[in-house]
Amino acid sequence: MSKKFNVTGVCIPEENYMVDISARIDTICNDYVREGKYFTINRARQYGKTTTLYLLEQRLKDHYLVIRLSFEAADELFVSLYLLAMGLIRRISRILKAQGVERGILEEWNQPVSEVFPLDDLGERITLLCSSLDREIVLIIDEVDKNSDNQIFLSFLGLLRHKYLEQRQGSCEGVIDGVQHPV
């Protein structure tokens, strides 16, 4: 198969002509991911954000559990906090299953979410998931601009930042099977 130019979505190096961004991927891996930092990639359309995230996922998947979400076609998630929490649990569940996460962890992850406190419940599940796995998780979210002005989405980003800060401060501990695990 010969290479082709692609201007409509993710570029696959083996299939498409593209600039070599391996040095950029190295920098992201070494300066951000391995240092436990969060970051954003923000550019106009067709600058290679999705391709960069795809290549980053390919680089990280052997050492991390990579959860890659896209909000491109996710309008139904942003109707309520409950639907957002349930939708994320469903989407992340499919990713966890595809990556061979243990059945017991999946069963715990897939429990119904509190209708009263859905984000708090989602936050607890994130903590339990992080403490239950034998490798670190990298969360990649693409196409956030689709809902960046949506209050429900902003609440979700606030939850992620809160979980990140708890983890960085060492104040987030999970207890599983009577054993304490840092998250």
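**Aromatic pairs and helix packing in the predicted model**

Phenylalanine 5 has a relative accessibility of 72% and therefore counts as exposed (over 50% relative accessible area, with buried under 20% and partly exposed in between; 1.4 Å probe, protein chains only). The structure is a predicted model, in which local features need pLDDT of at least 70 and side-chain atom pairs count only at pLDDT 80 or more, while totals for chains, interfaces and linings use all residues. Residues are numbered from 1 along each chain as its sequence is written, and side-chain values use heavy atoms, with hydrogens and water left out.

A search of the whole structure gave eight aromatic pairs, defined as rings of Phe, Tyr and Trp (its six-membered ring) with centres within 6.5 Å; planes under 30 degrees apart count as stacked, over 60 as edge-to-face and the rest as tilted. One of these is formed by phenylalanine 5 and tyrosine 17, with ring centres 4.8 Å apart and planes at 40 degrees, so the pair is tilted. Both residues lie in the segment before helix H1 (22-33), twelve residues apart; helices (H or I, at least four residues) and strands (E, at least two) are DSSP runs, numbered from the N terminus. Tyrosine 17 is partly exposed, at 43% relative accessible area.

Phenylalanine 71 and phenylalanine 153 form an edge-to-face pair, because their planes stand at 85 degrees, with the centres 5.5 Å apart. This pair links distant parts of the chain: phenylalanine 71 is in the loop between strand S1 (65-70) and helix H3 (81-98), and phenylalanine 153 is in helix H6 (residues 151-169), 82 residues apart. Both phenylalanines are buried. Phe71 and Phe153 belong to one aromatic cluster with Phe78 and Phe156.

The buried residues of H1 include Ile25, Ile28, Cys29 and Val33. These residues cover an arc of only 95 degrees around the axis, which puts them on the same side of H1; the arc is that of the directions from the helix axis to the C-beta atoms. Helix H2 (49-60) and strand S2 (137-142) are among the elements that cover the buried residues of H1.

H3 packs against helix H5 (residues 118-132) at an angle of about 25 degrees, with the axes 8 Å apart. Axes are lines fitted to C-alpha atoms, for helices over the stretch in contact, and angles run from 0 to 180 degrees between N-to-C directions. H3 is therefore roughly parallel to H5 (angles under 35 degrees; over 145 is roughly antiparallel, 65 to 115 roughly perpendicular and the rest oblique). Residues of H3 including Leu81, Leu88 and Leu96 meet residues of H5 including Leu119, Arg125 and Leu129, contact meaning heavy atoms within 4.5 Å.
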